[in-house]
Amino acid sequence: MPISVVMVALAAWAYSTIAPPTPGIADTVANPTPLRAAALLALATPPPTQLPTLVPTRVPTPSPTPEPLKPLLPEHRIVAYYGNPLASEMGVLGELPSDQMLNRLKQQIAAYAAADKSRPVVPALELVSPAAQGWPGEDGLYRARMKPEVIDQVAGWAEANHALLILDAQIGLSTVPQEVDALLPYLRRPYVHLALDAEFAVPAGRVPGEVIGTLDGAAIDGAVHTLSDLVAKEHLPPKILIVHRFTDAMVTNAWEISGDANVQVILTMDGFGPPGLKLAQYREYVRDHGLQFAGIKLFYHHDVPLLAPPNVLALEPAPDLVIYQ
C-alpha cells in the first residue's frame, strides 16, 4: 500500500478516536441532557425587560392664603379713656386707681350700648406715649418716651378687660417715622393701635404747649403705609390710626392721607368747651373733611355741660370713636 494512503488512513483513525463528532443542534434538542437543556433555554428565552423603578412626582401642597381679618369699624363703636398713669392731669386714665377707672369705663360703655343697640361697643385705653414736655430732654426733642414697664402695665389692663390699647404719640420736635418705629414692637400686637396728636408736633425753635402744633397729610400718610405693611407682614387685623385736631391748621394737606384696606383712619375733634362750640368744631374739622371715620373727645372737667351719649350719637355723622379725657 502506498505510504500516502496509509498516512491518510491513520489520520482518519486518530481523529475518530480523539475527537468524536459534535452533535448538531437537532441532535441535542432531540436528546437533551439537563445542562444542555438549561443552556438552550437560556439562549432561546430573551432576558426579561428590567423596568425602571418609578418615583412618584411630589407636588408641593400650596399653603392656603389666609383670610383677611375683619376690621373693627364700622360694625363696632369704640369708647376710650385717655391719659397716662404717671400724670393725673393728662386725663381720666391716670386720675383714679386702675380698678376704679376700669369700672367707670364699663359704666360709660354701658350708656352707649343702651343708646345705640345696633353697634357693639369696644372699650379702649388711650395711653399718651411718647408724651410732649416743656423741656428738651437728653436728645433735645421735647418728648419723653414711656418705659416698657409703663406701656406693659396699661397693656395688661387692656388685655384683662378685652380692651384695645391705643398709643397716643405726642412727638414734640421728633418725627412721625421715628416715633412710630419706636412703637412697632407694641403695634405688632393685634389689639394695639396708634394715635397722632397734632397739637404737640411742633417745629424747631418752638416748645410744645406754648404753641399749637401741626402735622402734614404726607407725614400722616407715611404712618398709614407703615401700619399697612405691618398688618400685611404679620397677618394682623386692620389697624386704627387716630388723628387729633381742633383747628384747621393742625392738619395740613389732609387730602394726602390715602385710604388703605389695612388701616382705618379716624379724624377726631379734640377741643373742649360748651356744646355749641363742640358741635360747630365737629362739623368743621371732622364732618367736612370726609375721611374714613369720625371721632370726638369729651372732657370730664372742661366740657360744661358734658354731652350725654344720646347727644353724642345724634351728631352727623355719628362718631365711630368717643374718647373721654
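Helix 5 runs over residues 148-160, and its 13 residues reach 18 Å from the first C-alpha to the last. That is close to the 18 Å expected at 1.5 Å a residue, where the expected span is 1.5 Å times one less than the number of residues. Helices here are DSSP runs of H or I with at least four residues, strands are runs of E with at least two, and both are numbered from the N terminus. Keep in mind that this is a predicted model: local features need pLDDT of at least 70 and side-chain atom pairs count only at pLDDT 80 or more, while totals for chains, interfaces and linings use all residues. Residues are numbered from 1 along each chain as its sequence is written, and side-chain values use heavy atoms, with hydrogens and water left out.

Which residues of helix 5 are buried? They are Val150, Ile151, Val154, Ala155, Trp157 and Ala158, with buried meaning under 20% relative accessible area, exposed over 50% and partly exposed in between (1.4 Å probe, protein chains only). Looking down the axis of helix 5, these buried residues fall within an arc of 155 degrees, so they line one face of the helix; the arc is taken from the directions from the helix axis to the C-beta atoms. Glu149 and Ala160 sit exposed on the other side of helix 5.

The cover over the buried residues of helix 5 includes helix 4 (98-115), strand 2 (121-128), strand 5 (164-169) and helix 6 (176-187). Just after helix 5, His162 takes a positive phi of about 55 degrees.

## Asp270 in its loop

Asp270 is found in the loop between strand 10 (263-269) and helix 8 (275-285). Buried or exposed? Asp270 counts as buried, because its relative accessibility is 4%.

The side chains of Asp270 and Lys297 are joined by a polar contact of 2.9 Å. For that term, a pair of N or O atoms must lie within 3.5 Å; within protein, one must be able to donate a hydrogen and the other to accept it, and residues adjacent in sequence count only if both atoms are side-chain atoms. Leaving aside residues up to four places away in sequence, Asp270 touches Asp197, Glu199, His244, Arg245, Phe246, Lys297 and Phe299, contact meaning heavy atoms within 4.5 Å.

Pairing requires at least two DSSP bridges between two strands. Val322 has Val79 opposite it, and Ile296 stands opposite Val322 too.

## The tyrosine cluster

Searching the whole structure turns up 5 aromatic pairs. Rings of Phe, Tyr and Trp (its six-membered ring) pair if their centres lie within 6.5 Å; planes under 30 degrees apart are stacked, over 60 edge-to-face and the rest tilted. Tyr81 and Tyr324 make an edge-to-face pair, 6.3 Å centre to centre with 70 degrees between the planes. This pair links Tyr81 in strand 1 to Tyr324 in strand 12, 243 residues apart.

Tyr300 and Tyr324 have ring centres 5.0 Å apart and planes at 25 degrees, so that pair is stacked. Tyr300 lies in the loop between strand 11 and helix 9 (309-313), 24 residues from Tyr324. Tyr300 counts as buried at 17% relative accessibility, as does Tyr324 at 1%. Tyr81, Tyr112, Tyr300 and Tyr324 form one aromatic cluster.
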